Amino acid sequence: MAAGEEKHLAERQATLLQQAAAAAEAQEGREGPGIQLLLFSLGGESYAFPLERVREVVKPGPTTPVPSIPKHILGVMNLRGEILPVLDLKRLLGVGEGTPTPQGRIIVVKTPGMTVGFLADGVEDAIEVRESMEPPLAILPERQAQYLQGQVTHERVLVGVLDVEALLGRQG
Amino acid sequence: MADGASLEILCFRLGGILWGIEADRVDRIARPEEVLEGSVVDLTRAIGMAARDDAAGRRLVLRLGSARAILSVDEVLDLVPLSPNNLAALPPLIARALPDHRIWAVGKMGDEILLLLDVATVCGADAPAKDLAGSKEG
């Protein structure tokens, strides 16, 4: 190969690498940092809480119902001496009625003023999603859409990311 | 009071739920077939419980100043001392969802939770009056 041709190829490679690096940087800028989520199932669909909001996940223990409160509040449970309200996410989202099962889990979620357990059918995984969050689909019923901060796609499955403040802000 | 720091609580079951009332509120425990003198208040529905078979279980006759109130329960369990360590406020989310202050606190009984009934609040609510004077219930 002639020296001139070799130089031309090297320059072309360097240019391509610069373009690739710029494209990767731009892509990262568009996506922003990854979103860490706790993925769980509810009525056959996938939902998630932002991982930073989740304190722990426990198996459903005895829950004491409290008369005269809305049905989506299952009652109170004693978690190592801490009295927690337990909410039925299925009822809240209008996708059925939650019942504790061996696969079911209570996802303990914290906010500055409140800690609450949410009953889910099962917890799947903690994931990091690199793509940006999209607004909830317009076809979703308002009952669900009001509690979603957005949607992401994980392994070709649409995941509804729940808005903890909206869920707790509309209680009581 | 059971001792300087504990509340003495009478525990009972109603609708599958473990409830408690301060023992000094309880005048006596009556069988369903007992004749109860005077006008009493039926608290069972007032605390949001479904109607139950009055012929079964027990009745708690409660003191409310000079008046009395009656609470039909499924089963009377025991008197237990409840220390401050085993007493907790209702979570705010639950307290806000209730129509009034009918449950003033919860007691921790192992894994189980005891709902502590505020008798004065429930009786101050629109509790349906039920005159049992001279009648034999059951």
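Helices (H or I, at least four residues) and strands (E, at least two) are taken here as DSSP runs, numbered from the N terminus. The structure is a predicted model, in which local features need pLDDT of at least 70, side-chain atom pairs count only at pLDDT 80 or more, and totals for chains, interfaces and linings use all residues. Residues are numbered from 1 along each chain as its sequence is written, while chains are lettered from A and ligands numbered from 1 in the order in which they are written.

Two residues are in contact if their C-beta atoms, placed from the backbone, lie within 7 Å; among the contacts of chain B with a separation of 6 or more, 63% link residues 24 or more positions apart.

Strand β5 (residues 58–64) of chain B runs antiparallel to β6(B), and 7 bridges join the two; strands pair if DSSP finds at least two bridges between them. Within this pairing, R59(B) faces S72(B) of β6(B). The hairpin has 2 residues between its strands, and G65(B) in the turn shows a positive phi of about 65°. Strand β6 (residues 67–73) of chain B is largely enclosed by the rest of the structure, because 5 of its 7 residues are buried.

Turning to chain A, Y47(A) sits in strand β2 (residues 45–50) of that chain. Y47(A) is buried, with 27 other C-beta atoms within 10 Å. Beyond residues up to four places away in sequence, Y47(A) touches F40(A), L42(A), V159(A), G160(A) and L162(A). V152(A), 105 residues from Y47(A) in sequence, lies 9.6 Å away in space, C-alpha to C-alpha.

The two chains meet through 20 residues from chain A and 20 residues from chain B. On the side of chain A that touches chain B, the elements giving two or more residues are β5 (73–79), β6 (82–88) and β8 (114–120) of chain A. V76(A) illustrates how contacts extend to both chains: leaving aside neighbours within four places in sequence, its partners include V66(A), I83(A) and V86(A), as well as P91(B), I94(B), V106(B) and I113(B).

Note on methods. A residue is buried if 20 or more other C-beta atoms lie within 10 Å of its own, exposed if 12 or fewer, and partly exposed in between; C-beta atoms are placed from the backbone.
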